[in-house]
Amino acid sequence: MGAQVRLHICGNTRKIVQGMGRLGCAIVDLDSLSPLDAARQKMGPDQVLLGNLNPVTVLMNGNPETVTASIAECHRLAGPRFIVGAGCEVPVTTPPENLRALCEYAKTHRP
């Protein structure tokens with residue numbers, strides 16, 4: 001049907017991450033409990049990875065500086081085929097300035 005598939009499985013998927021990469025999904029969205037560098041190593045350089053910023057400790061409870069630093073580290077670990085995003089659902093009480101910092105990173109940093 002031509003649709004792109006994005007896979008997200010909540011929780012620590014480090015034991016099944018290689019299999020997740022073999023499913024053929026366009027994007028694998030990783031929870032904050034799954035290390036991006038290990039996922040990259042097991043899935044290879046062509047898989048698009050999304051995430052995995054901790055949505056509570058960093059995005060909700062952090063500040064714009066910690067959000068920016070943390071997503072930059074996610075990007076470094078994932079490599080160039082990366083989409084900026086939280087590691088799970090964004091809490092409703094997340095400060096708007098933290099979401100703006102996440103969006104600003106996405107706008108200004110390319111693969």
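Is aspartate 29 buried or exposed, and what is its relative accessible area?

A: Happy to! Keep in mind that this is a predicted model. Aspartate 29 is buried, with a relative accessible area of 4%, a value that falls under the 20% cut-off for that class. The side chain of aspartate 29 meets that of arginine 6 in a salt bridge, with N and O 2.9 Å apart. Aspartate 29 belongs to strand β2 (residues 27–30) and arginine 6 to strand β1 (residues 6–9), so this pair ties together parts that are 23 residues apart in sequence.

Arginine 76 forms a salt bridge with glutamate 73, their closest N and O atoms lying 2.7 Å apart. Both residues sit in helix α4 (residues 64–78), and because they are three residues apart there, about one helical turn separates them. Arginine 76 is exposed, with a relative accessible area of 57%, while glutamate 73 is partly exposed at 33%.

Helix α4 also has a neighbour to look at. The axes of α4 and helix α2 (residues 36–43) come within 8 Å and cross at roughly 20°, which means that α2 is roughly parallel to α4. Their crossing is right-handed. On the α2 side, Leu36, Asp37 and Arg40 meet Cys74, Leu77 and Ala78 of α4. Sorted by class, this contact has four nonpolar, two charged and no polar residues.

Conventions: Residues are numbered from 1 along each chain as its sequence is written. This is a predicted model: local features need pLDDT of at least 70, side-chain atom pairs count only at pLDDT 80 or more; totals for chains, interfaces and linings use all residues. Side-chain values use heavy atoms; hydrogens and water are left out. A salt bridge is a side-chain nitrogen of Lys or Arg within 4 Å of a carboxyl oxygen of Asp or Glu. Helices (H or I, at least four residues) and strands (E, at least two) are DSSP runs, numbered from the N terminus. Buried means under 20% relative accessible area, exposed over 50%, partly exposed in between (1.4 Å probe, protein chains only). Axes are lines fitted to C-alpha atoms, for helices over the stretch in contact, and angles run from 0 to 180 degrees between N-to-C directions. Angles under 35 degrees count as roughly parallel, over 145 as roughly antiparallel, 65 to 115 as roughly perpendicular and the rest as oblique. A crossing is left-handed if the near helix is turned anticlockwise from the far one by less than a right angle, and right-handed if clockwise. Contact means heavy atoms within 4.5 Å. Ala, Val, Leu, Ile, Met, Phe, Trp, Tyr, Cys and Pro count as nonpolar, Asp, Glu, Lys and Arg as charged, and the others, Gly among them, as polar.
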